[in-house]
Amino acid sequence: MRHPVSNARRLLRGPLLAALATTALQAGAAGIQVGPSGKTYADSALSCALHPAAGLSPRVMAGLYQPTKRARATVSLNGTQVTQVTAAQPDATVWLAAKPNTVQVALSARVADRYIFDATPTFPGQPNVCIPDTRGNSVSGDLETAASGTSYATVTPGCALNPQTGLAQPYVTLFDNGGTVLNVSLNTVPLTQLSSSRPRATLFLAAGLNVVTVAAGSLFTDAYVRDGGSGSCTLP
């Protein structure tokens, strides 16, 4: 049985972007909040993860806290049922809408704990709170240059065989624009490091919106956003 505390620790690797529910109690430093009933929990803050179709999106885990053998509950989002959880499968992934959200874990018609998460976009046109602001980037032809000017990436995805999956997937190419050492991540997962000796990398895209981040240590972090469509493509 997976313990909710270990799940929450895993999710804390993403950005912490949501307000804590006022009716819940913090469970130490584990990154979860336990509801007033003492029998349900939710993450203390939302995190960013790959939605199967939408790409990088905000989510939380919620469910039963230290459940007994016959425990069960219904998890809902903004009044709509998401799924049911049991002692055998006590956790549920809840993908949040781009607005204030109420996640409810109901033990019965009378006992239900509610958790509040604000996933309201922070700038105009932002698809969701996990997609960074790239309005400082510049585009010329089929190349987009980051705000810092230290890297650039192709705009239109190509199609190639991904050797790791054995499938044809869309990809973009990222370039180091000079001698700066750049740490590259895709959808919050560190992938590679670029420099003058390794100035380019091929990045295969998942379905939906993908976020490429390029960081020069703690000096700055640039980003690119690419739509991977369905996550598959047809080789030319």
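# Notebook: strands, disulfides and salt bridges

I started with E13 and E15, which run antiparallel and are joined by 3 bridges. For the record, helices (H or I, at least four residues) and strands (E, at least two) are DSSP runs numbered from the N terminus, and two strands pair if DSSP finds at least two bridges between them. This is a predicted model, in which local features need pLDDT of at least 70 and side-chain atom pairs count only at pLDDT 80 or more, while totals for chains, interfaces and linings use all residues. Residues are numbered from 1 along each chain as its sequence is written, and side-chain values use heavy atoms, with hydrogens and water left out.

**Entry: around E15**

I looked up the partner of Tyr152 and found Phe175 as its bridge partner in E15. Next I checked strand E14 (residues 158–162), which runs antiparallel to E15 with 5 bridges joining the two. Here Ala160 stands opposite Gln169 in E15. The hairpin of E14 and E15 has 4 residues between the strands, and in this hairpin Gly166 takes a positive phi near 75°.

I then went to strand E18 (residues 200–204), which is joined to E15 by 5 bridges and runs antiparallel to E15. Tyr171 has Phe204 in E18 as its bridge partner.

How many of the 10 residues of strand E15 are buried? I get 8 for the stretch 167–176, so E15 is largely enclosed by the rest of the structure. My cut-offs: buried means under 20% relative accessible area, exposed over 50%, and partly exposed in between, with a 1.4 Å probe and protein chains only.

**Entry: Ser151**

I picked Ser151, which is found in strand E13 (residues 151–154). Ser151 counts as buried because its relative accessibility is 0%. I listed what Ser151 touches, leaving out residues up to four places away in sequence: Glu144, Thr145, Ala146, Leu174, Phe175, Asn177, Leu182, Val214 and Tyr224. A contact here means heavy atoms within 4.5 Å.

With which side chain does the side chain of Ser151 make a polar contact? I found Tyr224, at 2.7 Å. A polar contact is a pair of N or O atoms within 3.5 Å; within protein, one must be able to donate a hydrogen and the other to accept it, and residues adjacent in sequence count only if both atoms are side-chain atoms.

**Entry: the open sheet**

I moved on to an open sheet of 4 strands, in the order E7-E6-E9-E10 and with antiparallel pairing. Its edge strands are E7 (80–86) and E10 (112–118), each of which pairs on one side only. The twist averages 20° from one strand to the next, with axes being lines fitted to C-alpha atoms (for helices over the stretch in contact) and angles running from 0 to 180 degrees between N-to-C directions.

Within this sheet I checked E6 (residues 72–77) against E9 (residues 100–106), an antiparallel pair with 4 bridges. Ser76 stands opposite Gln104 in E9.

**Entry: disulfides**

I searched the whole structure and found 2 disulfides, each being a pair of cysteine sulfur atoms within 2.5 Å. Cys48 and Cys130 form one, with sulfur atoms 2.1 Å apart. The link of Cys48 and Cys130 is left-handed, at -90° about the S-S bond. Cys48 lies in strand E4 (residues 47–51) and Cys130 in the loop between E10 and strand E11 (138–140), so the pair ties together parts that are 82 residues apart in sequence. Cys48 is buried at 8% relative accessibility, and Cys130 is buried with a relative accessible area of 8%.

Cys159 and Cys233 form a disulfide too, their sulfur atoms 2.1 Å apart. I noted 90° about the S-S bond and a right-handed link for Cys159 and Cys233. This pair links distant parts of the chain, 74 residues apart, with Cys159 in strand E14 and Cys233 in the segment after strand E20 (220–227). Cys233 is partly exposed at 25% relative accessible area. Counting bonded cysteines along the chain, I get the pattern 1-2, 3-4.

**Entry: salt bridges**

I found 2 salt bridges in the structure, a salt bridge being a side-chain nitrogen of Lys or Arg within 4 Å of a carboxyl oxygen of Asp or Glu. Arg226 forms one with Glu144, the closest N and O atoms being 2.7 Å apart. Arg226 lies in strand E20 and Glu144 in strand E12 (residues 143–145), so the pair ties together parts that are 82 residues apart in sequence. Arg226 is buried at 5% relative accessible area, and Glu144 is buried at 8%.

The side chains of Arg135 and Asp133 also meet in a salt bridge, at 2.7 Å from N to O. Arg135 is exposed at 54% relative accessible area, whereas Asp133 is partly exposed at 40%.
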